[in-house]
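Terms are given their cut-offs as they come up.

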Amino acid sequence: MSTINEQTNTYCTAFLGVEIAASGALQHVVTVVKSKLSDSELARVLIFDDSTGKPIDVDYHGEIDEVLTRLAEPSEESAATEVNPQNTRRAGRPKLGVVSGEVTLLPRQWEWLKAQPGGASVTLRKLVDDARRSGEQQGTIRKSQEAAYAFMTAMAGDFNHYEEALRALYAGDSERFDQYTQDWAPDIRSHVKQLAADALQKN
């Protein structure tokens, strides 16, 4: 389970069994479930970070103010890895604008670059920007896949066609994914589809 740190505004969803008990910012969700559910029900509640699909560990002992206070306390892990910005700051003015560097290419590649509209520098910048956009898109898809996988593993691992749904998720096949999850508990299915949305975008 992930630990809680000062980022208590993380958007998350709480499940009691296969049904959604609350959703929203972490503080709101914890307040709702703590105030409305019995101790025996709280023991069965699972809260998931909607950005990662991973469960969040919450200590419900005490009054609601005590619970919320603990949420705001940084974890030992985050405190130990905190970086002092003064140690990483370099002296002098920061360099802004264009940064020069060295690029090694074959003669035929230089000839092609120089023949492009705007010359080699403009073409290289365009190529780099295109590659960055493509990488960002792939990163978004990968993050969506990982979040859906984490949640599915925790909540739907024993559901019918779980493995087939996983394969469809990583293949980006929305039709097969819908087919394999159609008989899942409605709230589970809806939340999985929400987490997997970026990985299952239809062309």
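A residue counts as buried under 20% relative accessible area, as exposed over 50%, and as partly exposed in between, with a 1.4 Å probe and protein chains only. The model is predicted, so local features need pLDDT of at least 70 and side-chain atom pairs count only at pLDDT 80 or more, while totals for chains, interfaces and linings use all residues. Residues are numbered from 1 along each chain as its sequence is written, and side-chain values use heavy atoms, with hydrogens and water left out.

Secondary structure is taken from DSSP runs numbered from the N terminus: helices are H or I with at least four residues, strands are E with at least two. On that basis the chain has 10 helices and four strands. Read from the N terminus, the order of elements is β-β-α-α-β-β-α-α-α-α-α-α-α-α. Of the 203 residues in the chain, 31% are buried. A contact means heavy atoms within 4.5 Å. Among contacts in the chain with a separation of 6 or more, 56% come from residues 24 or more positions apart.

Two helix pairs can be described by their axes, which are lines fitted to C-alpha atoms, for helices over the stretch in contact; the angles run from 0 to 180 degrees between N-to-C directions. The crossing of α1 past α3 is right-handed. Handedness is right-handed if the near helix is turned clockwise from the far one by less than a right angle, and left-handed if anticlockwise. On the α1 side the contact involves Leu26, Gln27, Val30, Thr31 and Lys34, and on the α3 side Ile64, Val67, Leu68 and Leu71. Sorted by class, this contact has six nonpolar, two polar and one charged residues. Here Ala, Val, Leu, Ile, Met, Phe, Trp, Tyr, Cys and Pro count as nonpolar, Asp, Glu, Lys and Arg as charged, and the others, Gly among them, as polar.

The other helix pair is α9 with α10, which pack at an angle of about 160° with their axes 11 Å apart. These two helices are therefore roughly antiparallel to each other, and their crossing is right-handed. Phe177, Asp178 and Thr181 in α9 meet Arg189, Val192 and Lys193 in α10. By class, the contact of α9 with α10 has two nonpolar, one polar and three charged residues.

One residue of this contact can be followed further. Arginine 189 lies in helix α10 and is partly exposed, at a relative accessible area of 23%. Leaving out residues up to four places away in sequence, arginine 189 touches Asp178, Thr181, Gln182 and Trp184.

Next come the aromatic rings. Rings of Phe, Tyr and Trp (its six-membered ring) pair if their centres lie within 6.5 Å; planes under 30 degrees apart count as stacked, over 60 as edge-to-face and the rest as tilted. This rule gives five aromatic pairs. Phenylalanine 15 and phenylalanine 48 form an edge-to-face pair, 6.2 Å centre to centre with 80° between the planes. Phenylalanine 15 is in strand β1 (residues 11–16) and phenylalanine 48 in strand β3 (residues 45–49), 33 residues apart, so the pair links distant parts of the chain. Both phenylalanine 15 and phenylalanine 48 are buried. Phenylalanine 159 and tryptophan 184 also form an edge-to-face pair, 5.5 Å centre to centre with 75° between the planes. Tryptophan 184 counts as buried, at 5% relative accessibility. Ring pairs also link Phe15, Phe48 and Phe151 into a cluster.

Two further residues complete the tour. Glutamine 145, in helix α7, is buried with a relative accessible area of 12%. Apart from neighbours within four places in sequence, glutamine 145 is in contact with Leu169, Tyr170 and Ala199. Histidine 161 is in the loop between α7 and α8 and is partly exposed, with a relative accessible area of 38%. The phi of histidine 161 is near 65°, a positive value in a residue other than glycine.

Definitions and conventions
Angles under 35 degrees count as roughly parallel, over 145 as roughly antiparallel, 65 to 115 as roughly perpendicular and the rest as oblique.
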